[in-house]
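Take a walk through this structure, one region at a time.

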Amino acid sequence: MAHVLVVEDDDKIAAPLVRTLEREGYSVERVAEGLVAVERVRETAVDLVLLDLGLPDIDGLDVCRTIRDGGYRGGIIILTARDGELDLVVGLDVGADDYLAKPFGLSVLLARVRALFRRNGVGPQPALPPMPPLDPVVAPSGFRVDVEARRLWVGDTELQVTSKEFDVVALLDSKRGAVISRDQLISDIWDENWYGSTKTLDATIGRLRQKLEEAHAPARITTVRGVGFRLEDTPDA
């Protein structure tokens with residue numbers, strides 16, 4: 001049973017969310033403050049965080065950034081009245097997997113939750129801090145995508161990525177050196193339930209490029225203008 005943490009201070013919004021999720025068979029916990037949410041993620045096995053941005057103590061973006069920096073690998077869907085494109089990009093930049101602007105239909109929310117769990121696999125995420133990684137079998141290039149374990153390695157160091165970032169790099173790696181179109185990436189990663197801006201993909205690619213560069217990974221994501229992206233080994237790999 002997947003465990004969902006609802007972080008929402010408005011009772012009128014939180015109550016139907018909790019009831020709907022429980023009817024779908026999820027284990028649901030609700031908190032009303034950001035700092036409490038951070039502690040619950042650190043102490044409890046949480047698979048998905050439904051996160052309001054307008055919290056009474058700290059901004060939801062700070063909650064998202066804090067739990068990602070702490071090693072949380074589960075799903076994060078932001079729920080907010082801030083529906084501007086800039087807010088969307090900022091939310092994704094700090095580690096959110098998806099974004100729903102209020103008001104939203106509960107059926108749409110459930111579709112997004114199911115889609116995210118299909119990508120992540122339904123199962124408990126480890127409580128923070130995470131266990132030390134096992135020594136991996138490193139590919140000759142020094143860059144390895146472990147699809148079954150959903151882990152990304154640069155040499156003997158594990159690279160921390162969000163679930164959507166992993167899905168993107170795994171799809172690119174499955175056809176390393178070949179071009180994957182923007183349409184295929186959006187369709188396969190965000191599937192038929194995604195109605196957001198294509199800038200979501202650009203933001204995800206941008207974060208991946210930065211992480212690969214900072215880790216000195218012997219691979220890079222190249223843009224093929226007007227078509228899509230490809231993952232390729234760097235010349236000195």
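Helix H8 gives the most to the lining of the second largest pocket, with four residues. Helices here are DSSP runs of H or I with at least four residues, strands are runs of E with at least two, and both are numbered from the N terminus. The model is predicted, so local features need pLDDT of at least 70 and side-chain atom pairs count only at pLDDT 80 or more, while totals for chains, interfaces and linings use all residues. Residues are numbered from 1 along each chain as its sequence is written, and side-chain values use heavy atoms, with hydrogens and water left out.

Stay with the pocket. Its volume is about 260 Å³. Of its 17 lining residues, Arg68, Asp69, Gln160, Thr162 and Lys211 are the closest to its centre. A pocket is an open set of points on a 1 Å grid over the protein atoms alone, where a 1.4 Å probe fits and protein lies on both sides within 12 Å along at least five of seven lines; lining residues have an atom within 4 Å of a point. Points are joined across faces, edges and corners, and the volume is the space filled by probe spheres set on them. H3 and H8 (199-214) each supply at least two residues of the lining. By class, the lining has three nonpolar, five polar and nine charged residues. Ala, Val, Leu, Ile, Met, Phe, Trp, Tyr, Cys and Pro count as nonpolar; Asp, Glu, Lys and Arg as charged; the others, Gly among them, as polar.

Now follow H8 to its partners. The axes of H6 (residues 163-174) and H8 come within 10 Å and cross at roughly 80°. That makes H6 roughly perpendicular to H8 (65 to 115 degrees). Axes are lines fitted to C-alpha atoms, for helices over the stretch in contact, and angles run from 0 to 180 degrees between N-to-C directions. Lys164, Glu165, Val168, Val169 and Leu172 in H6 meet Thr204, Ile205, Arg207, Leu208 and Lys211 in H8. Contact means heavy atoms within 4.5 Å.

H7 (residues 182-190) also packs on H8, with axes within 10 Å and a crossing of roughly 90°. H7 and H8 are therefore roughly perpendicular. Arg182, Leu185, Ile186 and Trp190 of H7 touch Thr200, Leu201, Asp202 and Thr204 of H8.

Gly34, Ala37, Val38, Val41 and Arg42 of H2 make the contact with Val63, Thr66 and Ile67 of H3. By class, this contact has five nonpolar, two polar and one charged residues.

Finish with the backbone. Most residues other than glycine have a negative phi, and most peptide bonds are trans. The bond from lysine 102 to proline 103 is cis, with omega near -5°. Proline 103 sits in the loop between strand S5 (98-101) and helix H5 (106-120). Arginine 150 has a positive phi, near 55°. Its place is the loop between strands S6 (143-146) and S7 (151-154).

Conventions. Angles under 35 degrees count as roughly parallel, over 145 as roughly antiparallel, 65 to 115 as roughly perpendicular and the rest as oblique.
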